[in-house]
Amino acid sequence: MSWYNKRLAKSLWVFHVSASPCNNCDIEILDLLTPKYDIERFGIKLVGSIRHADVMLVSGIVNQKIEPRIKRLYSQAPKPIFVVAIGSCMSSQGVFRESYNRCKEVKEVVPVDMWIPGCPPKPEAMIEGVAKLIGVLNE
Amino acid sequence: MTKNRIPLGPFHPLLEEAEYFELQIEGETVVDLDMEIGWMHRGHEYISEQKNFTQSIYLVERICGICSTSHPIACVRAIEDIDNLEIPIRAKYIRSLVGELERIHSHLLWLGLAGHFIGYDTVWMWAWKYRETVLEMMEIISGNRNHYGMMRVGGVGKDVKPKDIPDLLDKLDMIDEKMEMIAKVANDDPVLKARLKGVGVLSHEQAINYCATGPTSRASGVPGDVRRDDPHDAYGMLDFDVITAENGDVYDKLVVRVLEILESSKIIRQCLDKLSEVEGPILNNVEEISPGEGIGRYEAPRGEVFHYIRSDGSNRPVRHKVRAPSYVNIPTYEASCKGISVSDALITLASVDPCYCCTERSLKIRSDSEEKPDLLELSKQKTERIRREYNGN
Amino acid sequence: MSKVDEFRDKFKDVISQEIEKKGRYYFNITNENLRTIARYLFEEMGCRLSTATGTEMEDHLQIIYHFSHDKTGQYFCPRVVIKDKDNPQVDSIVPIVMGAKWIERELFDFWGIKFKDHPDMRRLLALNHPAKLDKPMRYKEEQYDQE
């Protein structure tokens, strides 16, 4: 497995899933691709389909309507896949905790490997998080 | 000819939000369109009715990460409208300043994405690069890149320090220069014109009939703009134009947005000028909200944001209705998508081409980051440095 | 003569319980006059339908339509009171204002208000919701609560 992981760490392909967020985390994720932060220098690339991805970035509170879709996406992903939860909504459901439309707990929907809290997390925090993931893969 | 169905979504390649579209096509022509939404429903109105007025403002900020000051402005205006409260004059200018900065960053964001959607990645990278400057200005003013937390009932929460103003003006000069360049690109580029002219037309009558707002309707020649029609905050005291266009196609929407960025920067200059002259408090103390109903609206980058609040005299709203501009703009797809070809429909829906083919660079990084300061630390230092440089403490 | 006075003169027989504030004008109408008034506001005066708010009170439901007169910045807010809470029904204004389509679907979704002559009376936000809701969304929060 470590042989695979070491090669994986050089080019992580990322698929982004928005599960009822306020859109801000999503925009900050896209921000990472643009010249100021330029996360592509680490070989990280956003892809258009979960079937090509190594990492699944999830943001939002996961409402009840989207919950089965997230499960389905996870089951479609090639394994191993790493789930990175971005934003405070993912870790604690934030201000939306009292919503009638939320799901129970995010970690029961998909197994989360890494949490990056913040509302929204600064781009530097996200790069830090992804770099740590690469560090773990390299071990 | 047989009809075919193209399902799109809820997770498209690229488009940020999850929405489900179903295109009915005949050959290559779109004949009908159905949409399903609700994937993003979080029940804001219900949550807001459980919270007090101050908490509601922070909650509505999180309706949308891009319009994260338009909703609070509309919300505080709705609460102020119940009692016809007036706010201090300095607060008025700060509200308009923050609102217009947000308009620039939102239009740049759209511009970049639209460029990406038609395979024009240079525009994307440029627009988002200059957008970072706007976010830095926001960081100087409010302390955060997004979700500013500036609005309060009766004024604003944070003052603009006079010594920040020269730096803000410098950054604005840079944005102006680049925007003129992008406006020229939009005017001169034959490829953009060939790709976008006559695509996804929303006629004048349709725009009125669907009650569209914002750049969507202004591009179709409906000159509605809340800032001018219902002058509030500082907009009655400022000089600006409402940009309209005539054809209602995608190209006109692009032109309207680009020109609006220049108008916004004009407004910001006037606000900053006034802020260096006008002195006084920024927040009136509001003791209680009397029973009644209030309507607040604000011209967000995408159109009119509408908030309705009913109070029964307690510290909680008994009814809080929110209507975002996209809610009335999205149904116009029914009009603008019918009769065009499938490839154009995707641009009209602004959902698209998943091509991110510029990863040529890769860098080897190791996990020995203990010896170097980690990125988070660097980020904190950067914020500290900005604070030090611009605030002088 | 302001737009509000002009409007009041024309419809003084059918409107009641007026509240007039700076730039805002709320008044009650009945379901029978809804379409006449919507037609006058939208077609004759050139108002734009901002949205409609549904509210549940103790003994009735009410819908407030918010028509914005963009030339003057004046809001006209006709309020329709529905006494029958179990089977609420109102005339649809979609034949007059196309933009009301989603607004009325949302009211149906939240409060269960049925709109007569609406071309597409489906749920909006809870369409195909996995919880198989058979009641309006806002009536019972418990039906969402899985815990």
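Start by selecting A:Ile44 and looking at who sits around it: setting aside neighbours within four places in sequence, A:Ile44 is in contact with A:Leu12, A:Val14, A:Ile39 and A:Val130. Contact here means that the C-beta atoms of two residues, placed from the backbone, lie within 7 Å. What you have open is a predicted model, so local features need pLDDT of at least 70 and side-chain atom pairs count only at pLDDT 80 or more, while totals for chains, interfaces and linings use all residues. Residues are numbered from 1 along each chain as its sequence is written, and chains are lettered from A and ligands numbered from 1 in the order in which they are written.

Stay on A:Ile44 for a moment. You'll find A:Ile44 in the loop between helix H2 (24–31) and strand E2 (45–46) of chain A. Helices (H or I, at least four residues) and strands (E, at least two) are DSSP runs, numbered from the N terminus. Is A:Ile44 buried or exposed? A:Ile44 is buried, because 23 other C-beta atoms lie within 10 Å. The cut-offs: 20 or more other C-beta atoms within 10 Å of a residue's own make it buried, 12 or fewer make it exposed, and anything in between is partly exposed, with C-beta atoms placed from the backbone.

**Zoom out to chain A**

Walk along the sequence and the order is α-β-α-β-β-α-β-α-α-β-α. The C-alpha atoms of chain A fill a box of roughly 45 × 35 × 25 Å along the principal axes. For 139 residues, a compact globule would have a radius of gyration near 14 Å, and chain A agrees, with 14 Å. That radius is taken over C-alpha atoms, and the globule rule is 2.2 Å times the number of residues to the power 0.38. Of the 139 residues in chain A, 55% are buried. Among contacts in chain A between residues at least 6 apart in sequence, 84% join residues at least 24 apart.

**Move to chain B**

Chain B has 15 helices and eight strands. Of its 393 residues, 49% count as buried. Take the contacts in chain B between residues at least 6 apart in sequence, and 70% of them join residues at least 24 apart.

Next, select residues 89–117 and 250–277 of chain B, which are helices H4 and H11; their axes come within 9 Å and cross at roughly 155 degrees. That makes H4(B) roughly antiparallel to H11(B). Axes are lines fitted to C-alpha atoms, for helices over the stretch in contact, and angles run from 0 to 180 degrees between N-to-C directions. Under 35 degrees counts as roughly parallel, over 145 as roughly antiparallel, 65 to 115 as roughly perpendicular and the rest as oblique. The crossing of H4(B) and H11(B) is left-handed, a term for a near helix turned anticlockwise from the far one by less than a right angle (clockwise would be right-handed). Show side chains here: the residues of H4(B) that meet H11(B) include B:Tyr93, B:Leu97 and B:Trp110, and among those on the H11(B) side are B:Leu254, B:Ile261 and B:Cys271.

By class, the contact of H4(B) with H5(B) has 17 nonpolar, four polar and two charged residues. Ala, Val, Leu, Ile, Met, Phe, Trp, Tyr, Cys and Pro count as nonpolar, Asp, Glu, Lys and Arg as charged, and the others, Gly among them, as polar.

Helix H5 (residues 121–142) and helix H6 (residues 165–188) of chain B pack at about 160 degrees, with axes 10 Å apart. H5(B) is therefore roughly antiparallel to H6(B). The crossing of H5(B) and H6(B) is left-handed.

**Last stop: chain C against chain B**

How many residues of chain C are in contact with chain B? Select them and you get 26, facing 23 residues of chain B. Strand E2 (24–29), strand E3 (48–56) and helix H3 (100–111) of chain C each supply at least two residues of that side. The largest share, six residues, comes from E3(C). Colour the side of chain C that touches chain B by class to see ten nonpolar, nine polar and seven charged residues.
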